[in-house]
Amino acid sequence: MVSGKQVETGDALKVHVAEGLEVIARKYSDRALEANVTFSKDRSFFVCDINLHAGRGLSVQAEGEGTDAHRAFQDAATKVAKRLRRHRRRVNEHARCQAAERKPEPGATDVVALV
């Protein structure tokens with residue numbers, strides 16, 4: 001959902017946001033994403049606030065600033081992508097560590113004799 005606080009969000013901006021978040025979703029997440037993107041104006045620059053819910057209790061929030069709404073979104077989307085990338089790396093490293101701990105040592109198998 002794209003909205004604006006006292007800022008007009010046109011169709012071009014909504015398409016740009018949808019395409020940008022779709023690229024991030026394909027790259028860093030295998031789950032469907034739900035995002036709320038809010039644009040506002042602060043003095044002479046635009047502010048973009050992204051609240052993204054990526055399933056399994058994972059929520060990512062980022063804020064970006066820029067001279068126009070598109071640049072503000074790019075700044076915030078870069079931060080969201082970085083946080084998702086770091087989260088995915090941590091999950092993968094944790095899974096690798098758990099797999100290494102469960103792996104039996106070669107030659108340490110039990111031999112059962114049948115009588």
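This is a dialogue on how to read the features of one predicted model.

Visitor: What should I know about the model before reading it?

Guide: The model is predicted, so local features need pLDDT of at least 70 and side-chain atom pairs count only at pLDDT 80 or more, while totals for chains, interfaces and linings use all residues. Residues are numbered from 1 along each chain as its sequence is written, and side-chain values use heavy atoms, with hydrogens and water left out.

Visitor: How many helices and strands does the protein chain have?

Guide: Helices (H or I, at least four residues) and strands (E, at least two) are DSSP runs, numbered from the N terminus. Here the protein chain has 2 helices and 4 strands, and along the sequence they follow the pattern β-α-β-β-β-α.

Visitor: In what order do the strands form the sheet?

Guide: Two strands pair if DSSP finds at least two bridges between them. In this model the 4 strands make an open sheet in the order E1-E2-E3-E4, with mixed pairing. Strand E1 (2–5) and strand E4 (59–66) are the edge strands, and each pairs on one side only. Axes are lines fitted to C-alpha atoms, for helices over the stretch in contact, and angles run from 0 to 180 degrees between N-to-C directions. Neighbouring strands of the sheet are turned by 15° against each other on average, direction ignored.

Visitor: Which strands run parallel and which antiparallel?

Guide: E1 and E2 pair in the parallel sense over 4 bridges, and Ser-3 stands opposite Thr-38 in E2. E2 and E3 run antiparallel and are joined by 9 bridges, with Glu-34 opposite His-53 in E3. E3 (residues 45–53) and E4 also run antiparallel, over 8 bridges. In that pair, Ile-50 faces Ala-62 in E4, and His-53 has Ser-59 of E4 as its bridge partner.

Visitor: Which residues take a positive phi in the hairpins?

Guide: The hairpin of E2 and E3 has 2 residues between the strands, and Arg-43 takes a positive phi near 55° there. In the hairpin of E3 and E4, with 5 residues between the strands, Gly-55 takes a positive phi near 80°.

Visitor: What is Glu-65 in contact with?

Guide: Contact means heavy atoms within 4.5 Å. Leaving aside neighbours within four places in sequence, Glu-65 touches Phe-45, Phe-46, Val-47, Arg-71, Ala-72 and Asp-75. Glu-65 and Val-47 are 18 residues apart in sequence but 4.6 Å apart in space, C-alpha to C-alpha.

Visitor: Where is Thr-9, and is Thr-9 buried or exposed?

Guide: Thr-9 is in the loop between E1 and H1. Its relative accessibility is 13%, so Thr-9 counts as buried. With neighbours within four places in sequence left aside, the contacts of Thr-9 are Val-2, Ser-3, Gly-4, Lys-14 and Phe-39.

Visitor: Which strands do the helices lie across?

Guide: Helix H1 (residues 11–28) lies across E1, strand E2 (34–42) and E3, at about 135° to E2. Helix H2 (residues 69–102) lies across E2, E3 and E4, at about 145° to E4. The buried residues of H2 include Phe-73, Val-80 and Leu-84, and their cover includes H1, E2, E3 and E4.

Visitor: What span should H2 have?

Guide: The expected span of a helix is 1.5 Å times one less than its number of residues. The 34 residues of H2 should therefore span 50 Å, and the end C-alpha atoms are 50 Å apart, which agrees.

Visitor: At what angle do H1 and H2 pack?

Guide: Two packed helices are described by the angle between their axes and the distance between the axes. For H1 and H2 the angle is about 15° and the axes are 10 Å apart. Angles under 35 degrees count as roughly parallel, over 145 as roughly antiparallel, 65 to 115 as roughly perpendicular and the rest as oblique. H1 and H2 are therefore roughly parallel to each other. Among the residues making the contact are Leu-13, Val-17 and Leu-21 of H1 and Phe-73, Ala-77 and Leu-84 of H2.

Methods: Buried means under 20% relative accessible area, exposed over 50%, partly exposed in between (1.4 Å probe, protein chains only).
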